[in-house]
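Take the points in order and find each residue as you go.

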Amino acid sequence: MSIRALPMPINPALLKHADERRQSLENRIADQITRFAGSMQFVYLHVVWFAAWIGFRVEHYPFGLLTMIVSLEAIFLSTFVMISQNRADERRQVLADHQWQTVQEEEHQNEQLLHISNQILELTQAIHALASARAPAGPTGTSAAPTQGPGLGETPGS
């Protein structure tokens, strides 16, 4: 049985954060301790330890030394739990910052697309206006529409 390592994140912001975190020896030690303390191997080790302590009669009831050791361990483990929670908060903050940056970039792109769309609309309107101004006027003063052949019910030459 081995303690599984945390999977590598795929988010670029989390990858960068994990690399920065691995650069500190303290962080690596805290991560290993919290990974082990949060495993079933930790539970099994303690079951064996307590059973051996009591079974081999290392001390007599009420197990004052064992109680003190377990109390100190609980103090340290609670500290490592808080370190782990802080680490999780840092990861959430990194994700939130990355998502905010992505939203800002998308908003900027949308504004650019809207600006380009408005330019295309203005150019299209200018082309239509220019085409309408250059079209020859028909007998009624309107622009002549191109003939498309006979309509419904019409025969050629009628």
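1. Start with Arg22 and Asp19, whose side chains meet in a salt bridge at 2.3 Å, N to O. By salt bridge I mean a side-chain nitrogen of Lys or Arg within 4 Å of a carboxyl oxygen of Asp or Glu. Both sit in helix α1 (residues 12-22), and because they are 3 residues apart, about one helical turn separates them. Helices here are DSSP runs of H or I with at least four residues, numbered from the N terminus.

2. Before you go further, a word on the source: this is a predicted model, where local features need pLDDT of at least 70 and side-chain atom pairs count only at pLDDT 80 or more, while totals for chains, interfaces and linings use all residues. Residues are numbered from 1 along each chain as its sequence is written, and side-chain values use heavy atoms, leaving out hydrogens and water.

3. How exposed is Arg22? At 36% relative accessibility, Arg22 counts as partly exposed, and Asp19 is partly exposed too, at 39%. The cut-offs are under 20% relative accessible area for buried, over 50% for exposed and partly exposed in between (1.4 Å probe, protein chains only).

4. Now look at Arg21. Asp31 forms a salt bridge with Arg21, with the closest N and O atoms 3.0 Å apart. That pair links distant parts of the chain, as Asp31 is in helix α2 and Arg21 in helix α1, 10 residues apart. Asp31 is buried at 12%, and Arg21 is buried at 9%.

5. Which residue of helix α4 also pairs with Arg21? It's Glu90, 69 residues away from Arg21, and the closest N and O atoms of this salt bridge are 3.8 Å apart. Glu90 is partly exposed, at 36%. Put together, Arg21, Asp31, Arg87 and Glu90 are linked in a network of salt bridges. The whole structure has 5 salt bridges.

6. In α3, Gln41, Phe42, His46 and Trp53 are buried. They cover an arc of only 135° around the axis (taken from the directions from the helix axis to the C-beta atoms), so they lie on the same side of α3. On the other side, Val47, Val48 and Gly55 are exposed. Just after α3, Arg57 takes a positive phi of about 50°.

7. Last, find Phe76 in helix α4. Phe76 counts as exposed because its relative accessibility is 53%.

Note on methods:
Helices (H or I, at least four residues) and strands (E, at least two) are DSSP runs, numbered from the N terminus.
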